[in-house]
Amino acid sequence: MTSKQNQIRDLLPAYIKGELSADQRRSLEEALDQDPELRSELELERGLQGYYQELKKDPPKPSPRVWERIGAEIESPAAATSHKRQPQPEGTLLEKFKELWRMPALSWGLVGAQCLLLLILLSPGSPKPIGKTLSGSSPALNEAAQINLVFKEQTSEIELRELIRSINGTIVGGPTATGLYSIAIDSAPAIDQALKTLQHHPRVMFAELKP
Amino acid sequence: MYEAPSPTAPEELLRRAATGDQTAFESLYQQMQSRVFHYLHRLLGDQSSAEDVLVETFTAVWKSAGQFGGRSAVSTWIFGIARNLAYNEMRKRRYHDDIDDHPDLAGGEIPDLTSKDRRRILDTAMAKLAPKHREVLDLAFLHEMTYPEIGELLDVPVGTVKTRVFHAKKALRSALTLMKVDRHDL
């Protein structure tokens with residue numbers, strides 16, 4: 001194939017798009033008249049351009065779960081160490097809470113407070129517990145709207161409790177052998193928001209309203 | 001169609017992601033995910049594998065954001081990561097890398113041409129191509145990359161890109177001929 005033939009061939013895409021100058025178009029059309037092989041290439045080029053235009057109209061889309069999976073990956077310790085953490089300009093309340101939790105002084109402080117609370121609770125004549133626990137089984141809770149929830153394998157106890165607390169939830173069942181929890185939400189209007197929070201959380205594998 | 005790109009340039013988003021800015025990283029993902037996913041979907045042929053490799057790709061982008069040297073466009077760099085991971089996946093599945101390895105071509109598969117469905121015909125013919133041929137056509141026609149950009153991504157000279165496009169078209173024509181498709185049906 002001569003370099004002139006190559007040059008002519010290179011003009012085919014622009015010819016189809018109507019982007020050639022008058023001179024270029026004339027010389028290409030002369031070549032097309034004389035060369036059946038080039039005409040065949042033009043047909044193929046047209047076919048390809050039409051085919052790819054069709055593909056662009058209806059591209060496949062990744063599911064929203066992909067971003068959640070990426071989020072879980074980049075939150076992992078291995079990924080986190082490759083970055084120097086800087087304060088985020090914006091973030092959810094949960095992210096801010098997590099940042100606080102990462103502060104060693106606060107973590108140790110909380111551990112100390114928990115030990116102290118445990119001692120008080122276990123001591124004879126201790127007062128009735130104040131505040132609510134994450135687990136419960138009162139009739140009122142059993143009648144409240146509930147969510148079936150499965151956490152990802154690598155979820156720590158702290159993350160699990162933190163998340164359930166953030167949606168004002170109470171564990172009323174589980175975990176089963178497959179890791180399924182039943183979570184009751186105290187206030188019925190909050191159930192949709194709670195469900196949304198859970199479904200978008202990187203540590204949650206599955207969350208849906210209990211039928 | 002692909003979503004309109006956000007006003008912040010990918011270079012700036014990647015620079016911020018390298019400092020640990022997850023918001024910038026998410027914006028970069030939103031800008032690039034459609035194109036990269038379409039590329040992976042075409043290479044790997046199924047939703048699930050393409051999603052798996054998309055997760056791996058952007059995890060790698062996050063981890064190595066600080067290593068981006070600026071020698072190419074950020075999009076080319078991300079496509080390069082996606083490509084390496086996709087080819088690893090294909091190697092695991094022992095993909096054939098040569099059109100001659102496809103025995104079904106020898107039988108001259110004849111599709112139902114009554115509908116003259118261009119997309120179905122070309123989908124079938126494309127599936128007969130070697131991955132490297134299908135890929136170079138996708139990059140040129142679907143992702144509208146220039147030959148120098150494709151050369152950068154594939155790490156080959158521009159001349160090789162041109163030759164590969166030429167052979168890809170030739171192989172496509174052969175596949176169509178074996179399918180007894182007339183060029184006017186396109």
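At what angle do helix 2 (residues 22-44) of chain B and helix 6 of chain B pack, and how far apart are their axes? The first legend answers this for the predicted model.

**View 1. Helix 2 of chain B packs with helix 6 of chain B at about 155 degrees.** The axes of the two helices lie 10 Å apart. Angles over 145 degrees count as roughly antiparallel, so helix 2 of chain B is roughly antiparallel to helix 6 of chain B. Their crossing is right-handed. Helix 2 of chain B brings B:His38, B:Tyr39, B:Arg42 and B:Leu43 to the contact. Helix 6 of chain B meets them with B:Arg134, B:Glu135, B:Asp138, B:Leu139 and B:Leu142. By class, this contact has four nonpolar, one polar and four charged residues.

**View 2. Helix 6 of chain B also crosses helix 8 of chain B, at roughly 110 degrees.** Here the axes come within 9 Å. Angles of 65 to 115 degrees count as roughly perpendicular, and these two helices are therefore roughly perpendicular to each other. From helix 6 of chain B, the contact takes B:Lys132, B:His133, B:Val136, B:Leu137 and B:Phe141. From helix 8 of chain B come B:Val161, B:Arg164, B:Val165, B:His167, B:Ala168, B:Lys169 and B:Ala171. Seven of the contact residues are nonpolar, two are polar and three are charged.

**View 3. Helix 5 (residues 65-74) of chain A meets helix 3 (residues 47-64) of chain B.** The two axes come within 9 Å and cross at roughly 40 degrees. That makes helix 5 of chain A oblique to helix 3 of chain B. The crossing is right-handed. On the chain A helix, the contact residues are A:Val66, A:Arg69, A:Ile70, A:Glu73 and A:Ile74. Facing them in helix 3 of chain B are B:Glu51, B:Asp52, B:Leu54, B:Val55, B:Phe58, B:Thr59 and B:Trp62. The classes are seven nonpolar, one polar and four charged.

**View 4. The second largest pocket holds about 760 Å³ of space.** It is lined by 27 residues. Closest to the pocket centre are A:Pro13, A:Glu45, B:Tyr147, B:Val165 and B:Lys169. Several helices each supply at least two lining residues. In chain A these are helix 1 (3-10), helix 2 (12-16) and helix 4 (36-57). In chain B they are helix 6 (131-142) and helix 8 (158-178). The lining has 11 nonpolar, five polar and 11 charged residues.

Methods
Residues are numbered from 1 along each chain as its sequence is written. Chains are lettered from A and ligands numbered from 1 in the order in which they are written. This is a predicted model: local features need pLDDT of at least 70, side-chain atom pairs count only at pLDDT 80 or more; totals for chains, interfaces and linings use all residues. Side-chain values use heavy atoms; hydrogens and water are left out. On a 1 Å grid over the protein atoms alone, a cavity is a set of points where a 1.4 Å probe fits but cannot get out, and a pocket is an open set with protein on both sides within 12 Å along at least five of seven lines; lining residues have an atom within 4 Å of a point. Grid points are joined across faces, edges and corners, and a volume is the space filled by probe spheres set on the points. Helices (H or I, at least four residues) and strands (E, at least two) are DSSP runs, numbered from the N terminus. Ala, Val, Leu, Ile, Met, Phe, Trp, Tyr, Cys and Pro count as nonpolar, Asp, Glu, Lys and Arg as charged, and the others, Gly among them, as polar. Axes are lines fitted to C-alpha atoms, for helices over the stretch in contact, and angles run from 0 to 180 degrees between N-to-C directions. Angles under 35 degrees count as roughly parallel, over 145 as roughly antiparallel, 65 to 115 as roughly perpendicular and the rest as oblique. A crossing is left-handed if the near helix is turned anticlockwise from the far one by less than a right angle, and right-handed if clockwise. Contact means heavy atoms within 4.5 Å.
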